[in-house]
Amino acid sequence: MTDEQDAVVAKPRPFWVAGRPQSSDDTLEVRHPYDGTDVATVSVPTPEHVEAAIAAAAAAAKPLRSAPAHVRANALEHVSRTLAARTEEIAETITAENGKPLKWSTIEVARAVSVFKFAAEEARRHIGELQRLDTDANGERRLGLIRRRPRGPVLAVAPFNFPLNLVAHKVAPALAVGAPVIVKPASATPLSSLLLGEILAETDLPPGSFSVLPVRGSAMSALIEDPRLPVISFTGSTGVGHGITSAAPRKHVVMELGSNSAAILCPDWTDLDFAARRIATFGNYQAGQSCIAVQRVVVHRSLAEEFIPRLVAEVEALHTGDPHDPTVDVGPLIDERNAERVETWVSEAVAAGATLLTGGTRSGATVAPTVLSGVPASEKVSCEEVFGPVLVVTVVDTLEEAFEVANGTDYGLQAGVFTRDLQVAFQASAELEVGGVVIGDVPSYRADQMPYGGVKGSGTGREGLRSAMDDFTEEQVMVLSGIDL
């Protein structure tokens, strides 16, 4: 590490309260998941700082809601441009705090650039709609103006796996509709959010429009329960999400929770190399720490003999190692504790009768990309969210059985269906109990502007710029009377 880097690590990073940098004597250490080296020291907000941020957000609600569209749009465009200009620096920060390979961190920055750009565009056209009321005799000479008004300040609770882009998916739509936002980043990965706060501080948004508070999880209750934050946008584990809804039953809570997404290979699919490559890549990218990473692979028996060896070969071709190495495909998990958990789940499945086709080993926080077959449906690697680089292969005899297997889970985020048959595509869309169906590819595809979210245990509400803006607002109708249409 250079002298300059040593100085950066030694000096605690400030957090942001109402757009201003603040510090405290309490700190937390950010460590590189790959080798445990120190990355940075971050100041932790005190209860007084938390109260100041909440009070400022409440005070900013009216000024920000009333700010002209160009003020909000220009601020969002500034963030987009600055992220783009600082891509290399920010990607290195993501890799350092999260451990994902640098090539994936660079893609994450590019996606966040688009999210803020899309938000700026939506902010300029977010107005509402007119509705004729004279379709009934009682509505003659009346016109309805339906507008969406912010529900109030947003508490954005972000996960560690996409420490920039999943924060962007909360901050950008909130500011676009004129809602102040308080970001609570994951304790393991606060640096990207703090960088975002630095960039937002350069804009002309009203004071109090944003705060970034890297409080510890044990201190979250003050934010979750405070009535001045009526909207909570949470991405994370199912258990924590349910705890939030229990603690704040009267709030509007948007949740993107867990999944164990399935990729289904239908009998008409012919390009087995493509499917194997895509499933191997997106079962292991981010070390499997993505809600829509492929976890379950459902293969029609007519394809199994040819496909499964190809899948194993593609998985074994993935490079693990130091995520700063541009040739590395799979980095470490967020910490060694989670890597140990994944290793244990794999061992339990093998002990229950599963066949280990490749992988299954661990070195520190890095788990070798793993493929299992013949896994009992009750095993954790099959029915729960692994959140690690593990693929579970199941062979079926019919499409109906494939859809049944895919639906046989408490989750329902996205599914991928490898077919070119239009009838099968529509059948999959009708029968699969998920928020999104990707035809001809893995379930891991996500366009940042599209509605994104799940059913069953995978959450409530939708992300994606326009969808999140709708979630953060509520309709208000103004009836204009005496109008000649």
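Me: Which element gives the most to the lining of the largest pocket?
Reply: That's H12, with four residues. Keep in mind that this is a predicted model.

Me: Which elements give two or more residues to that lining?
Reply: Strand S3 (27-31), strand S10 (231-235), helix H9 (238-247) and helix H12 (336-351).

Me: And what volume does the largest pocket have?
Reply: About 940 Å³. Of the 38 residues that line the pocket, Phe160, Ser237, Ile334, Arg337 and Asn338 are the closest to its centre.

Me: How do the lining residues divide by class?
Reply: There are 18 nonpolar, 11 polar and nine charged residues in the lining of the largest pocket.

Me: OK, switching to helices. At what angle do H6 and H7 pack?
Reply: H6 (residues 165-177) and H7 (residues 191-200) pack at about 25 degrees, and their axes are 11 Å apart. Angles under 35 degrees count as roughly parallel, so H6 is roughly parallel to H7. The crossing of H6 with H7 is right-handed.

Me: Which residues meet there?
Reply: From H6 you have Val167, Val171 and Leu175, and from H7 Ser193, Leu196 and Leu200. By class, that contact of H6 with H7 has five nonpolar residues, one polar and no charged.

Me: What about H4 and H7, how do their axes cross?
Reply: They cross at roughly 150 degrees and come within 9 Å, with H4 covering residues 87-98. Over 145 degrees counts as roughly antiparallel, which is why H4 is described as roughly antiparallel to H7.

Me: Who's in contact on each side of H4 and H7?
Reply: Glu89, Ile90, Thr93, Ile94 and Glu97 in H4 meet Leu191, Ser192, Leu195 and Ile199 in H7. The contact of H4 with H7 splits into five nonpolar, two polar and two charged residues.

Me: One more pair: how far apart are the axes of H3 and H7?
Reply: They're 9 Å apart, at an angle of about 125 degrees, and H3 is residues 69-85. That angle makes H3 oblique to H7. H3 and H7 also have a right-handed crossing.

Me: Which residues make the contact between H3 and H7?
Reply: His78, Val79, Thr82 and Leu83 come from H3, while H7 brings Leu196, Ile199 and Leu200. In the contact of H3 with H7, five residues are nonpolar, two are polar and none is charged.

How values were computed
Residues numbered from 1 in each chain as written. Predicted model: local features only at pLDDT ≥ 70, side-chain atom pairs only at ≥ 80, totals over all residues. Heavy atoms only, no water. Axes fitted to C-alpha atoms, helices over the stretch in contact; angles between N-to-C directions. Parallel < 35°, antiparallel > 145°, perpendicular 65-115°, else oblique. Left-handed = near helix turned anticlockwise from the far one by under 90°. Contact = heavy atoms within 4.5 Å. Nonpolar A, V, L, I, M, F, W, Y, C, P; charged D, E, K, R; others polar. 1 Å grid on protein atoms, 1.4 Å probe; cavity = no way out; pocket = protein on both sides within 12 Å on 5 of 7 lines; lining within 4 Å. Points joined across faces, edges and corners; volume = space filled by probe spheres on them.
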